[in-house]
Amino acid sequence: MADQKHRILMVSDFFFPNFGGVESHIYYLSQCLLKLGHKVVVMTHAYGNRSGVRYMTGGLKVYYVPWRPFLMQNTLPTVYGTLPIVRTILVREKISLVHGHQAFSTLCHEALMHARTMGYKVVFTDHSLYGFADIGSIHMNKVLQFTLADVSQAICVSHTSKENTVLRSGLPPEKVFMIPNAVDTAMFKPAPERLGNDEIIIVVISRLVYRKGADLLVEVIPEICRLYPNVS
């Protein structure tokens, strides 16, 4: 039913005070869902001395579970070690839907698996593109196939991301939906008048890492500047 109110648990290793695209996505999606009248709870691991239950804007409740990350802000994979705390949060908060974020998050995979075991509806959102040939990607794709075997729905942030996720996970394409990342027009507004008619300024907003294509930028920027003198 369109007017049904849900109690949603967002799960990921990546959340504030860590900063990045996944963290911002979860926070702003939660704020929008809260405004629609849904109850939203976030589960992530502890960051430094930020542990326990915290509240953020709009009454967003965040469980900072007292586990320490061991690699790239990911908690140690335990499979069943997270079951007691996941079950406690699901029951205590009367959750009706579990939403996991990011294929590289071990906490997300384990929470989705335990939630499906307990009969909850689960949704997975993939935020990144991954390869097929290197040893890390092969391992991650196998984990993805195992975790998403019984997922209710999946969401990707672009058509390319959807194609990538379908190939990696083996999910039926009709189960995967594309909802593009958007610009918040309340926070980012175009200049009232153009700064100049001749010069074109290209801005790249990204972390300068290989996975985001930093190596391609190094090759592309000089070539574009050579072909188009009016581009900065």
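In this predicted model, helix α6 covers residues 214–227.

A second pair of elements illustrates helix packing. Two packed helices are described by the angle between their axes and the distance between the axes. For helix α3 (residues 106–117) and helix α4 (residues 135–147), the angle is about 20° and the axes are 10 Å apart. Because angles under 35 degrees count as roughly parallel, α3 is roughly parallel to α4. The crossing of α3 and α4 is left-handed. On the α3 side, the contact is made by His109, Leu112 and Met113. On the α4 side, Met140, Val143, Leu144, Phe146 and Thr147 take part. An α-helix has 3.6 residues a turn, so residues three or four places apart point the same way.

The UniProt record, an unreviewed entry, places the feature "domain: PIGA GPI anchor biosynthesis" at residues 45–134. In the model, this span is 24% helix and 31% strand. The end C-alpha atoms of residues 45–134 lie 28 Å apart.

Most residues other than glycine have a negative phi, and most peptide bonds are trans. The peptide bond from Phe16 to Pro17, however, is cis, with omega near 15°. Pro17 lies in the loop between β1 (7–11) and α1 (21–35). Met72, a residue other than glycine, has a positive phi, near 50°. Met72 is found in the loop between β5 (69–71) and β6 (74–75).

Note on methods: Residues numbered from 1 in each chain as written. Predicted model: local features only at pLDDT ≥ 70, side-chain atom pairs only at ≥ 80, totals over all residues. Heavy atoms only, no water. Helix = DSSP H or I, 4+ residues; strand = E, 2+ residues; numbered from the N terminus. Expected span 1.5 Å × (residues − 1). UniProt positions renumbered as here; feature names shortened; annotations may be inferred. Axes fitted to C-alpha atoms, helices over the stretch in contact; angles between N-to-C directions. Parallel < 35°, antiparallel > 145°, perpendicular 65-115°, else oblique. Left-handed = near helix turned anticlockwise from the far one by under 90°. Contact = heavy atoms within 4.5 Å.
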